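Q: Can you walk me through this one? I'd like the strands and then the packing.

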Amino acid sequence: MRLLILADGTVDYKRLKNGGTTSINAPLQEFEGDDFVVGLGFFNTRFEVTQAPHQVNGQWQMVVDGVLLTKKM
């Protein structure tokens with residue numbers, strides 16, 4: 001899984017799962033608590049954040065849609 005959130009609010013997401021690929025490249029629409037919604041108009045996707053960004057041993061981590069993500073420098 002790759003999740004890139006740019007300073008201009010664009011979200012670039014790609015996930016390989018069970019032999020299939022899901023991807024989205026669209027603007028961030030809103031935050032709902034720690035979760036966030038990405039898309040255009042009614043075509044959107046909600047990302048569930050079960051662990052907000054936090055540091056572990058100097059590295060930023062978060063859990064999105066059940067996947068532990070670590071920020072790459």
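A: A term to start with: strands are DSSP runs of E with at least two residues, numbered from the N terminus, and two strands pair if DSSP finds at least two bridges between them. This is a predicted model, in which local features need pLDDT of at least 70 and side-chain atom pairs count only at pLDDT 80 or more, while totals for chains, interfaces and linings use all residues. Residues are numbered from 1 along each chain as its sequence is written, and side-chain values use heavy atoms, with hydrogens and water left out.

Q: OK. How many bridges are there between β1 and β2?
A: Four bridges, with β1 (residues 2-5) and β2 (residues 10-17) antiparallel. Leu4 has Asp12 in β2 as its bridge partner.

Q: And what sits between those two strands?
A: The β1-β2 hairpin has four residues between its strands, and Gly9 takes a positive phi near 95 degrees there.

Q: What about β2 and β3?
A: They are antiparallel as well, with eight bridges, and β3 covers residues 20-32. Asp12 has Asn25 as its bridge partner in β3, and Leu16 stands opposite Thr21. In the hairpin of β2 and β3, two residues lie between the strands, and Asn18 has a positive phi near 50 degrees.

Q: Which sheet do these strands belong to, and in what order?
A: An open sheet of five strands, ordered β1-β2-β3-β4-β5, with antiparallel pairing. β1 and β5 are its edge strands, each pairing on one side only. Neighbouring strands are turned by 30 degrees against each other on average, direction ignored. For that angle, axes are lines fitted to C-alpha atoms, and angles run from 0 to 180 degrees between N-to-C directions.

Q: Now the three-stranded sheet. What is its order?
A: The order is β6-β7-β8, again open and antiparallel. β6 (49-56) and β8 (67-70) are at the edges with a single partner strand each, so one side of each has no neighbour in the sheet.

Q: How many bridges join β6 to β7?
A: Five. Gln51 has Val63 in β7 as its bridge partner. The β6-β7 hairpin has two residues between the strands, with Asn57 at a positive phi near 50 degrees.

Q: And β7 to β8?
A: Four bridges join β7 (residues 59-64) to β8. Val64 stands opposite Val67, and Met62 has Leu69 as its bridge partner. Their hairpin also has two residues between the strands, where Asp65 takes a positive phi near 50 degrees.

Q: Switching to rings. How many aromatic pairs are there?
A: Three. Rings of Phe, Tyr and Trp (its six-membered ring) pair if their centres lie within 6.5 Å; planes under 30 degrees apart count as stacked, over 60 as edge-to-face and the rest as tilted. Phe36 and Phe47 are a stacked pair, 5.0 Å centre to centre with 15 degrees between the planes. Phe36 is in β4 (residues 35-40) and Phe47 in β5 (residues 43-47), so the pair ties together parts that are 11 residues apart in sequence.

Q: Which residues do the ring pairs link into a cluster?
A: Tyr13, Phe31, Phe36 and Phe47.

Q: Are Phe36 and Phe47 buried or exposed?
A: Buried means under 20% relative accessible area, exposed over 50%, partly exposed in between (1.4 Å probe, protein chains only). Phe36 has 2% relative accessibility and counts as buried; Phe47 has 0% and counts as buried too.

Q: Which residues touch the most other members of the largest nonpolar core?
A: Leu3, Ile24, Phe36, Val38, Phe47, Val64 and Leu69, out of 13 residues. Such a core is a set of buried Ala, Val, Leu, Ile, Met, Phe, Trp, Tyr and Cys residues joined through side-chain atoms within 4.5 Å. β2, β3, β4, β7 and β8 each supply at least two residues of this core.

Q: Tell me about Leu69. What does it touch?
A: Leaving aside neighbours within four places in sequence, Leu69 is in contact (heavy atoms within 4.5 Å) with Met1, Leu3, Trp60, Gln61, Met62 and Val64. The C-alpha atoms of Leu69 and Met1 are separated by 8.0 Å, though the two are 68 residues apart along the chain. Leu69 counts as buried at 14% relative accessibility.

Q: Which face of β8 has Leu69?
A: The covered face, with Val67; Leu68 and Thr70 are on the uncovered one.
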